[in-house]
Structures are given as structure tokens and as C-alpha cells.
Amino acid sequence: MILACHNLSKAFGEQTIVKSGSFHIEEREKAALIGLNGAGKSTILKMITGKLAPDSGEIILAKGKTMGYLSQHPELSGENTIWEEIKTAKSDIIELEKQIRVTELQMKHLQGEALAEALRTYHLLTERFEQANGYAWQSELIGVLKGLGFLEEEFKKSVSALSGGQKTRAALGKLLLTKPDVLLLDEPTNHLDLNSIRWLETYLLNYDGAVLIVSHDRYFLNRVVSKVIEIEHGTILSFQGNYSAFAEKKKQLREAKIREYLNQQAAIRHQEAVIEKLRSFNREKSIKRAESREKLLEKMERLEKPMEDTQELHFSLEPSCISGNDVLSVDGLGKAYGNLTLFEDVSFEIKRGEHVAIIGDNGTGKTTLLKILNEVVPADSGSFRLGSKVQIGYYDQEHHVLHMEKTIFDEISDDYPMLTNTQIRNTLAAFLFTGDDVYKLIGDLSGGERGRVSLAKLMLSEANFLILDEPTNHLDIASKEILEKALNEYTGTVLYVSHDRYFINQTASRILELTNGTFVNYIGNYDYYLEKKETLTAVYAPNAAASSAGTVSAVKETENKLDWKAQKEAQAKERKRQNDLKKTENRIAALEERDAEIDELMTHEEVYTNSVKCQEFSKEKAAILEELEELYAKWEELAE
């Protein structure tokens, strides 16, 4: 055991965060700390790091072990470049290297015992340097920075010039390179694109130390953790397994508690009815028996009613009318900012009822595309056309559709004046805004609260074509699952951008990956995309592998008309080519084996002395060679 928390309690005024909560982390264990927004996850991490003191309880870190902490808003300042800042994580190795160089220079001028002593020091220093993997420290820094989505040309950027998201990535890189025995990570996948998240998953899986992660990214948790620690209503419970295993066990546990409570309530009602009946007999014996039962009932340990899951969103999405079959047609669309071309000459279609996810690295233009479709920004080239009776509902991750100066109530009533006050309040209550909360200013709300207001407007819009930009940002896991259910039951059409792989897996029937300035089409969910990515990227975006992570370095001239039917046909052709190639290779191998077998048989006396046999084998060998010539040509054509 490397970290233990015993009987932790913490409250802020009347709000209890945790009461007598305990859990522990083993060496090399990867664990998740989960709970609804506001449950106290970040507070627990701050108590573990000593930034907050618990009201009671103790936190024990194993002797001699180190701890590293990444907060949601890490402090990274100063005039250092990214490289200089990250390099401080290896200051001990860099100092060791300096000592080795100084010792080397000193040895040139020493003799006798002084030289022998210097040699001993030199061997000790180089041994420590090698054990610390000192010869590879620069490669390690470059690997981590690139893995987190930084380009080499960005290494010289000043930390003070970075955005909040870039600072978080730089702070995460610095923390990973210090290699503490216990890593505490608060929402580490925020600000990372899909490639960087996959890189981080692999890094953490191979990390020698223990890791405690706060995250709402269920796909990430499924891949990385083997224990889930949940904080709910101030209580802490631990579950072995990944997130999916936890969700199943939690469901079973809750159902068992509800059954146990309902069974006890039924037993209590039965006893009360018996007692009442015995009393109604109004006989001495029956009254005594009733009193005896009452005493037993009083002594019974009453089970508390299982608490309802903390307030949840309650909403459904339903279009007011059905659109035509052709919902969206995009033809030759292009957009650039200065010298940076995001995408060029992209074309695709979306049909009624499709749920399409757009994915890709940060900076490739996904959000820009949605803004073009909503006429927030103009395209540089190309056009798009909406189908018959299409009504758009737009969810903007930056919430530009909201008015910061308005109250929540006015935001709804101004856009939907036909609603009564009661209808508006009922709508807002479904999105967890009750009482005086409805009079809060939009500008004073958190990101999660603004997201809920935007979802409320989306529901009221009754649109039949939803365009959503990162709809799961700032939502806790329970709210994400409710949104997934609403989208899966929605009969209209959906186009969205998301980095949430679990969400994509649950809701997408088709994926468009924006890579190297073009779209690659996948008819399936995220698991299907992972299965086919390498093959289809090689066919439709062959230069994508050479592109730098996080941006598109240049636009490649390629035919990228993305009519999805044509794409399906192309995918089928590629599968046939692969199958034909394999069959051809197998046939070549069989013929070459038979040719060698004939050569060997022709060395046997009973064959080379038999003219008939020799002629048969000679004819067969000629036929083999002729077929092989054709197969070699066919193989070259298929492999081209």
C-alpha cells in the first residue's frame, strides 16, 4: 500500500463533502475517483496533497515515496519557453551530467591517488546517470511533448504566451517527466485531442508508479484503471475493475438495496396490520400479543430509504416536423486562416436519421465547419445546401448563442414568448434550475450550468437537425448518460463534434474524421473506426501519417468527394483487393512448392529412367511456370 486515507471528513459550512470516508491505493495501481459535479472529488485530491486540511481523519503516504499533482487549472508562469520549463523536470539528471563533464576535465590534470579518486567518483556518477536513463533524457522530453500534441516549432514558445489548455498540457508533461511514485490527475484529458488521449492511456498503463485519476471520460477510465473509488452523498465506496465493471456492480448494489428496503417496508406494514387487528379484538391476550409485536417492531433496525440518485436532468428531444430525406449536402467546401488551410474541397452528404460524429486533432477545423453550417463564419470556397423542411438546432461549446447579460429565465422567455411562467419554470427545473436559481445571470454561471441552459433551449427548439459542438463538455457522467439516451431516442438527424469516445460509441452511426485537410468516412461507431482507421486513412488521406499532430501542415491535392455511398463502394473494393491479393499469394506459394517438389522427384532413379514419367513432370512443370508468370503479373497489379 502506497497511499491510504482513513476516516476522512470534510465540510464547508452546512455542506458535507465527505464523512468518515476511507480508501487506499496499492503500488503501481491505477484508480479512478468519480462522482457527480460538486460531489467533492477535487476537494479530496487537495486534502491528499495538503492544499486543504481535513476536518478529521488521516492521510498516509508510504515512507520515502513522492507525490505529483495536476490540478484542473495548473499554475505555469514566467518567461521560460515550453522546452525550458519542461526541462526543469530533469534538473537532477542535467546537474549529474554537468558533474560528469567537470570530472572529465579535472582528470586530464590529475595523477596518482588524486586521479584514482577522481576515477572512482567518475564511475559512480556515470553509473547513476545510466540508471536514471540520462543518455535519453532529451528524447524522452521530445516524446512526451509530441505525445501531448505540441509541435517541435512550438517548443520555443514562451509559457506566458500559451492558452489555458496549452498550459495544462505543458504542466501535465512536466509532471509525467518528474515520475513521482503517486500521480494525482484532475481531469487530465481536458484540452487533449484523441491522439493525445490515446498516447496518455498507453503512457499511464506502462507507468511504474501508482495513479489516482479524476475524470468523466469513461472510455479513458475503461482503458486505464483497475479500481473505481466513488464519492456519493458524502460516502466513499471502492469497486475493483474498470468503469464498466463499476457501473454494473453499482446497478446491482442499488437494486439489491431497493429490494431490501421494499421487503422490510412490506414486513413493517404487515406487522402494523396484524397489531391493529389484534387490538381490534379487544381481548386481554390479543392486546398483550399486540404489545409484544409492537416492542419487536420498535427494536427492528430500520433501513434508510435508498437515496434517489442526485438530481438528474430530465429531458427528451423530439422534432416538430419530419425533414426531407436529404438533410445536408456539402460541395467543395474550403476554409483557411492566413497561411493555415484547415480543409479544402470537402464534400459529403447527410441523410435523415443519421447520427454523424466529426472527429480529428485539435486545430483541424471541426468547430469551424459547424460554424460555417450555422452561418456564424463564411466559407472561403464551396457551398452547402439544407434539404426540405430542415430546421437546425445548434449547441455551441462556447455558448455564443446565450446572452451573458440576461437571467436564465429571460434567456428562455425571450426566445420562447409563447411559454407561460409555469412552463418555463418546469422546463428549467428539468435542467436542475429551481427557486431563485432561475434569476442568475448567464454571465455568472459555470461552464456546466451554461451547458444545461443551452440543452434546455435545444429541447425547446423542436429542431429536426441537431448540430452540436462538444455537447458533453462540463457534464458529469450521469448527465452524459441522460444525453446519450435522449439522442438515441431522437428521430431527427444529428451532426456533432466530440472528443468523448464513449459518447461517440454510444450515439454515432457514422464517423467523419477530419485529417490532413480531408474527410475520411467510416460507416459505424468509434470501435469500428479504430478497427478500420489504418486501412482507410492509407487509401483516402495517404499523407495524414506525415502530418504534425494537432494541425494540418499543408493541403494535399486529392480527390475527396465524400458521397457516403461512393465511399462504401470504395471500401468494398479495397476489401476485395486485399482478399484477391491473399488468394494470389497463396496460389503462388502452392505452385512454387509443387515446382520444387517436381525438381526433387526428377532426381530419383525410378523417375529419370522412366521416359513417360519424365514427360508428364516436364509438361506439369511448364504449365506451372506459365501460370506463375500470370500470377506474378497479377500480384504486382494488386499490390500496386
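Predicted model: local features only at pLDDT ≥ 70, side-chain atom pairs only at ≥ 80, totals over all residues.
Biologist: Why are the side chains of R279 and E294 said to meet in a salt bridge?

Modeller: The term asks for a side-chain nitrogen of Lys or Arg within 4 Å of a carboxyl oxygen of Asp or Glu, and R279 and E294 meet it because their N to O distance is 2.8 Å. This pair links distant parts of the chain, with R279 in helix α9 and E294 in helix α10 (residues 284–299), 15 residues apart.

Biologist: What makes R279 and E294 buried, partly exposed or exposed?

Modeller: Buried means under 20% relative accessible area and exposed over 50%, with partly exposed in between (1.4 Å probe, protein chains only). R279 has 35% and E294 has 27%, so both count as partly exposed.

Biologist: Which parts does the salt bridge between E230 and K250 tie together?

Modeller: The N to O distance in the salt bridge of E230 and K250 is 2.9 Å. E230 lies in strand β8 (residues 227–232) and K250 in helix α9 (residues 243–281), so this pair ties together parts that are 20 residues apart in sequence. Both E230 and K250 are buried.

Biologist: Where do E597 and R594 lie?

Modeller: Both lie in helix α18 (residues 564–601), three residues apart, about one turn of the helix. E597, at 39% relative accessibility, counts as partly exposed, and so does R594 at 23%. Elsewhere, salt bridges that share partners join E201, D217, R223 and R501 into one network. By this rule the count comes to 38 salt bridges.

Biologist: What makes β14 and β18 edge strands?

Modeller: Strands pair if DSSP finds at least two bridges between them, and six strands form an open sheet of mixed pairing in the order β14-β15-β16-β12-β17-β18. In that sheet β14 (392–395) and β18 (518–522) each have a single partner strand, so one side of each is left without a neighbour in the sheet.

Biologist: What is the largest nonpolar core, and what makes it one?

Modeller: A nonpolar core is a set of buried Ala, Val, Leu, Ile, Met, Phe, Trp, Tyr and Cys residues joined through side-chain atoms within 4.5 Å. The largest one has 51 residues, and L172, L183, L185, L204, I213, F220 and L221 have the most contacts inside it. Helix α6 (residues 164–178) gives the most to this core, with six residues. A second, separate core of 49 residues includes F409, L483, Y496 and I504.

Biologist: Why is strand β6 called mostly covered?

Modeller: Five of the five residues of β6 (residues 182–186) are buried. V182, L184 and D186 point one way from the strand, L183 and L185 point the other way, and all are buried. Four bridges join strand β5 (residues 67–70) to β6 in parallel, with M67 having V182 as its bridge partner. Five bridges join β6 to strand β7 (residues 210–214), also in parallel, and there the partner of L183 is V211.

Biologist: How many disulfides are there?

Modeller: A disulfide is a pair of cysteine sulfur atoms within 2.5 Å, and by this rule the count comes to zero. Among the cysteines, C5 counts as buried at 0% relative accessibility, whereas C321, at 24%, counts as partly exposed.

Methods: Residues numbered from 1 in each chain as written. Heavy atoms only, no water. Helix = DSSP H or I, 4+ residues; strand = E, 2+ residues; numbered from the N terminus.
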